[in-house]
Amino acid sequence: MLSELENYLHRIEDLRRQISDLIAGLPAEALNWRPIESVEGHATNSLAVLAAHVAGAEHFWIAEVVGGRPPTRSRAAEFATQAHDTSELLHVLTETGAETREVLSALSEIDLEGAREVEGRAVPVRWGILHVIDHTALHLGHMQITYQFWMGGRGKPSPFWFERLPADTVL
């Protein structure tokens, strides 16, 4: 795999692992709780919805857009997610991770230089991959805040940046 792709993959996997660690072992009540409800829709999303949405968006951008696989994403279903426990969410995140690794492992330098059509627009492949990183990081932050609210202000420790570097990184 190209080193550029290895770096992208490491960032995506690191963010997904942080999401998995955050939700692991939480009861259904915590997974499905929304900090702010709204009569006309949901003003905030639950941890379950955000986990499903992160996996769905990663699948869309990496497998469907970058990898050219047939469309299977249901964005509406992501936002209707109700979890019974963490195992189903962790399974979806794991399956999405395997799919992402497979697609990125098959890309060449020529693929990275290319573009894909999304909703009638040409989107550079690199932009699509970096968007997954950006989008996942944004929603990880939302999830961390939701977790803190659920826990009455207590957060879950997060690893420092230097603890998340690949093992073979030389400083």
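Two residues are in contact when heavy atoms of theirs lie within 4.5 Å. The exercises below apply this and related terms to a predicted model.

**Exercise 1. Describe helix α7: which residues of α7 are buried, and which elements do they pack against?**

Solution.
Step 1. Helix α7 covers residues 125-150, a run of 26 residues. The distance from its first C-alpha to its last is 37 Å, close to the 38 Å expected at 1.5 Å a residue.
Step 2. A residue counts as buried when its relative accessible area is under 20%. In α7 the buried residues are Val-125, Gly-128, Ile-129, Val-132, Ile-133, His-135, Thr-136, His-139, Leu-140, Met-143, Thr-146 and Tyr-147.
Step 3. These buried residues pack against the helices α1, α3 (47-66), α5 (86-105) and α6 (109-113), and against the strands β3 (115-118) and β4 (121-124).
Step 4. Just after α7 comes Gly-152, which has a positive phi of about 70°.

**Exercise 2. Is Gln-18 buried or exposed, and which residues does it touch?**

Solution.
Step 1. Gln-18 belongs to helix α1, which spans residues 3-23.
Step 2. The relative accessibility of Gln-18 is 11%, so the residue counts as buried.
Step 3. When residues up to four places away in sequence are not counted, Gln-18 touches Leu-140, Gln-144, Pro-159 and Arg-164. Among the buried residues of α7 is Leu-140.
Step 4. Ser-20 is also found in helix α1. Ser-20 has a relative accessible area of 18% and is therefore buried. Apart from neighbours within four places in sequence, Ser-20 is in contact with Leu-90 and Leu-93.

**Exercise 3. Why is the pair of Trp-33 and Trp-150 classed as tilted?**

Solution.
Step 1. A pair of aromatic rings is described by the distance of the centres and the angle of the planes.
Step 2. Two rings pair if their centres lie within 6.5 Å; planes under 30 degrees apart count as stacked, over 60 as edge-to-face and the rest as tilted. By this rule, the model holds five aromatic pairs.
Step 3. In one of them, the ring centres of Trp-33 and Trp-150 are 5.5 Å apart and the planes stand at 55°, so this pair is tilted.
Step 4. The pair links distant parts of the chain, 117 residues apart: Trp-33 sits in the loop between α2 (28-32) and β1 (37-38), and Trp-150 in helix α7.
Step 5. Trp-33 has a relative accessible area of 26% and is partly exposed; Trp-150, at 26% relative accessibility, is partly exposed as well.
Step 6. Phe-60 and Trp-61 form an edge-to-face pair, with 5.3 Å from centre to centre and 85° between the planes. Both Phe-60 and Trp-61 are buried. Together with Trp-127, they form one aromatic cluster.

**Exercise 4. Which residues touch the most other members of the largest nonpolar core, and which element gives the most to this core?**

Solution.
Step 1. In soluble globular proteins, nonpolar side chains tend to be buried together.
Step 2. The largest nonpolar core has 38 residues, of which Ile-23, Leu-104, Ile-129 and Met-143 touch the most other members.
Step 3. Two or more residues of this core come from each of α1, α2, α3, α5 and α7. The element that gives the most is α3, with eleven residues.
Step 4. Met-143 is in contact with Ile-19, Leu-22, Ile-23, Leu-47, Leu-50 and Ala-51, leaving aside its neighbours within four places in sequence.
Step 5. Leu-104 is one of the buried residues of α5. The cover over the buried residues of α5 includes α1, α2, α3 and α7.

How values were computed: Residues numbered from 1 in each chain as written. Predicted model: local features only at pLDDT ≥ 70, side-chain atom pairs only at ≥ 80, totals over all residues. Heavy atoms only, no water. Helix = DSSP H or I, 4+ residues; strand = E, 2+ residues; numbered from the N terminus. Buried < 20%, exposed > 50% of the residue type's maximum accessible area, 1.4 Å probe, protein only. Expected span 1.5 Å × (residues − 1). Phe/Tyr/Trp six-rings, centres within 6.5 Å; stacked < 30°, edge-to-face > 60°. Core = buried A, V, L, I, M, F, W, Y, C linked by side-chain atoms within 4.5 Å.
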